[in-house]
Amino acid sequence: MQYKRVNIIAGHYGSGKTNIAINLAMKMKEDGAQVVCADLDIVNPYFRSKDAKCALEKKGIGMIASEYANTNVDMPAMPSDAYSMFDNKDRYAVIDLGGDDVGAAALGRFREAILEENNYDCFWVVNPFRPLTRTVELAMEAKEEIEAVLGFRFTKIINNANLGDETTQEDVLGSVEYINRLSELSGLPVAFTACKEELFAELENKIVNLFPVTLYLRQGWNKKGE
Amino acid sequence: MANKVIMKGNEALAEAAILAGCRHYFGYPITPQTEVAAYMAKKMPKIGGTFLQAESEIAAINMVIGVASAGKRVMTSSSSPGISLKSEGISYLAGCDLPALIVNVQRGGPGLGGIQPSQADYFQATRGGGHGDYHLLVFAPSTVQEMVTLTVKGFELADKYRMPSMLLADGTLGQMMEPVVLDIGEVKTYEKPWALTGTELKREHNIVNSLFLQPEELEQVNFARYKMYEEIEATEAMYDTYLMDDADICIVAFGIAARVSKNAIDAARAEGIKVGMIRPITLWPFPKKPLLEAADKVNSFISVELSMGQMIEDIELAIRCKKPVSLCNRVGGMIPTTEDILNSIKKAAKGGNA
């Protein structure tokens, strides 16, 4: 995949933006880019990309996150070094936004810089297994709301069809029709279909542009062996 | 696609409430349960329901009293400090014999505390929380799927017994995402001849009230209510067991603590330690019977809690202090790790206190 310098990850609440952001940053790094990952989630109190700070930094990926993330400071705070993504154009940036139109609001102050530089992709992450984007019509409604706040349009769709640890091959295959329909309705190309790495081998020849993802936000209370 | 969807615990309980026939939600935002209100705000207007963000928790719980009086299924949700504010209204619900569902997605305390998960409102939930002699039906889910089933159960039993129910979750369960099946089958409903629905001059008027002018009368009302509580204690306690058949050590844990405990039990079993678990699903009524029975079989109990040790008192009472009970706990928003619990199990296996 050809990367733009600024990669915005937005979409409906709980569509899996954070995990996609972390995995995309890792992939870009593997492909040789200098990458910084920014946690601009002002909605979620738990399960944030800052949770993967160690994993990212181990790979040499910079992390921009509010120093208050994962503390008891219950305020939608922005990272103090967020502007460095635009000051330093030698690095690629992956921006993990919070969910829905509310989460997209965090990008407002950077809109001008993003549009002026005009070297961005705005990824629309969709999980058809989320009840409020269960149909393409519902997903389109959510898209309009987010774009109205962003002040610009999405450029690509990321199919993140999953049921967490329980995702099966059939779940991912079954989502293709939905995503194609969404692509048709919105006029946007599908950048890739994400699947957990355990399913990659079985699905590789069945889905075009398949992107294996590691689940970085797994927690200790999940059953072993999953 | 499969009949499953992936949801946050907070969203799942909100959807379950709607499926259970609840069309009235009154609340006030607080982390980590705000998604309940956000979900209701999106959904309720589309299905002819009422979502209202009240000016405070106190206003919200009084709106709940109003709708409950009219005999409709109604709920509110909050997190620990907000539940304290609602406690006066919850006592009034109990005193008026009104059914309603109150959701507490607990966070660390006391005071403003923090926004990370906790189980330190156990006393508040199981002892009533507000003033006077009363109980709530208290349900403790440990998966997102149980957030769904126990929300429905909460509404059903509240109506059946004309008393408030509480879904006692914690921040982790509210925030985590898991696959759920929303096909919940038939929801039980109950006639409410006592409800304030207007007499149309066809019947005597109903009265919903918690004020009694004569102390003798108030005493009788309390006696009658506690007679009903006895029946509930005898019939409605819910629990789950894990590897208890040959267990020498019994872990007692609910909610998120039970999930970590399960991993620790598997790890201990791999090292040859016979340990099992009794997981209370209702915290009131507390599953006293299976615990008392276990007391004759195991050598000791471990209470795993995200509190300074609250449920441990109910365990000691339930087993009549027949066997030692040790505590494995983390507080302030921290969750015990598998290793924390495994260490407690090993200490208990050696006969020491965890």
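Reader: How far apart do the C-alpha centres of domain 1 of chain B and domain 2 of chain B lie?
Author: They lie 27 Å apart. Keep in mind that this is a predicted model, where local features need pLDDT of at least 70 and side-chain atom pairs count only at pLDDT 80 or more, while totals for chains, interfaces and linings use all residues. Residues are numbered from 1 along each chain as its sequence is written, and chains are lettered from A and ligands numbered from 1 in the order in which they are written.
Reader: Ok, and which residues make up domain 1 and domain 2 of chain B?
Author: Domain 1 is 4-199 + 222-235, and domain 2 is 240-349. Those bounds come from an automatic or database domain assignment.
Reader: How many residues does the contact take from each domain?
Author: Domain 1 of chain B gives 26 residues and domain 2 of chain B gives 22 residues. Two residues are in contact if their C-beta atoms, placed from the backbone, lie within 7 Å.
Reader: Which element gives the most to the domain 1 side?
Author: α5(B), with four residues. Helices (H or I, at least four residues) and strands (E, at least two) are DSSP runs, numbered from the N terminus.
Reader: Switching topic: how many residues of chain B are in contact with chain A?
Author: 26 residues of chain B touch 23 residues of chain A.
Reader: Now chain A. Is strand β1 of chain A enclosed or open?
Author: Six of the six residues of β1(A), residues 6-11, are buried, so this strand is largely enclosed by the rest of the structure. Buried means 20 or more other C-beta atoms lie within 10 Å of a residue's own, exposed means 12 or fewer, and partly exposed is in between, with C-beta atoms placed from the backbone.
Reader: Which residues sit on each side of β1(A)?
Author: A:V6, A:I8 and A:A10 are on one side, with A:N7, A:I9 and A:G11 on the other. In a regular strand, side chains alternate between the two faces of the sheet.
Reader: What does β1(A) pair with over six bridges?
Author: With strand β5 of chain A (residues 120-126), in the parallel sense. Strands pair if DSSP finds at least two bridges between them. A:I9 stands opposite A:F123 there.
Reader: Last one: which residues of helix α8 of chain A are buried?
Author: A:Y178, A:I179 and A:L182.
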